[in-house]
Every structure is written in structure tokens, then in C-alpha cells.
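Please open the structure in your viewer and keep the sequence beside it. The stops below say what to select next.

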Amino acid sequence: MTFIEISHTVTLAGSGFGFLLFVGTFGFLFFQNGRTFKFLKKKRIWLPYTLGLAVMVLASSCAGGLLALVAGYTTATGNQAGTLVGRGLVGGDGAAPVAQRTQLSYSGSWIALAVLLLTGFFFWFAKKMGERILLLSGAITGATWGLSISLGGLAAYSGVPLANWLGHLLIG
């Protein structure tokens, strides 16, 4: 087993793992809540997951620094987990890169840092462990499937320009 290296490129295996994590998380919640989608009305369910997803999509779009380091480590972890699951359960390697790269501007990176700070506060002050698990699940999904060129890439195509615009509006 090799150590996890920092990577900013999502592989096919990592994208598949992010998708599996997304489906698994919401599938578990669906069956846990009596096979209804009423759980989506609860802020304690969708807020941590969405916050984790947003912070990693934005962090993965940073050019460097601490945000890129955290995102690269999370992306590489998802890629390696996808490779392990792919070899064992799907029967393939999935080493082909599928990531698209969008970059945050300097001002947009400050917005990403602010979202990371809010996410850290949320993680620290979360009342239950379930909220922390949802936050981590959203973060891994955002760092893998959220940055691929598939359907999950919509988060990057909308979130990154929004953060750039908001950064230019607020910071300059």
C-alpha cells in the first residue's frame, strides 16, 4: 500500500468513488427516514453536506496555499479509495484523469478561505457526530465527483464563477 500523495487531478476511479459516496449517503438517509424524501427539509441534513461539498469544490479551484493542499490531499484520498473499490468490486483500475480545472481568482480565493473557516467552525461546534460525518462525506464528494467533467462538474462551473464574482464585489 502506498502513501497518499497530493493530487489535483480527479481520476475515473476517484470520480466513481465520489458518485458512490453521494448515492450511498443519500440512499442511507432515504431508507433511514422511512423511504421518503422528507429528510431533505431538515437543515441538519442538507446544510453540512452542502457546506462540505462547496468548500472542497472551491478549495480544489485554488492555485496554491493551504486550501490547495487540503483539497489535493482530499482528492488523492478519494482517488486511492476509488482505485481500491474499483479493483475489488468493479474490476478495473480507473486511472484515467477526468477532471476539469477551473481557477479561482485572488479575490475568489479569499471567499473560499472564508467558507473554509465557516466549515471549520461548523465542524467544531456541531452538536452531533452525524453532522460531522455528513460534512466529511460532502467534502470528499466535492473533491472528487464535484470536480469531474460529468454531472458533478456543474458545482464547479457555477460555484467558482460565483465565488470569483463575489470576491471581486466584496474585496476588489
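Is T119 buried or exposed? T119 is buried, with a relative accessible area of 8%, where buried means under 20% and exposed over 50%, with partly exposed in between, for a 1.4 Å probe and protein chains only. The model is predicted, so local features need pLDDT of at least 70 and side-chain atom pairs count only at pLDDT 80 or more, while totals for chains, interfaces and linings use all residues. Residues are numbered from 1 along each chain as its sequence is written, and side-chain values use heavy atoms, with hydrogens and water left out.

Staying with T119, select helix α4, in which it lies; helices are DSSP runs of H or I of at least four residues, numbered from the N terminus. Leaving aside residues up to four places away in sequence, T119 touches L51, V55 and L135, contact meaning heavy atoms within 4.5 Å.

Next, show α4 (residues 106-125) together with α6 (residues 154-170), whose axes come within 7 Å and cross at roughly 100°; axes are lines fitted to C-alpha atoms over the stretch in contact, with angles running from 0 to 180 degrees between N-to-C directions. The two helices α4 and α6 are therefore roughly perpendicular to each other, a term for angles of 65 to 115 degrees. On the α4 side the contact is made by S107, G108 and I111, and on the α6 side by A163, N164, L166, G167, H168 and L170.

Definitions and conventions
Angles under 35 degrees count as roughly parallel, over 145 as roughly antiparallel, 65 to 115 as roughly perpendicular and the rest as oblique.
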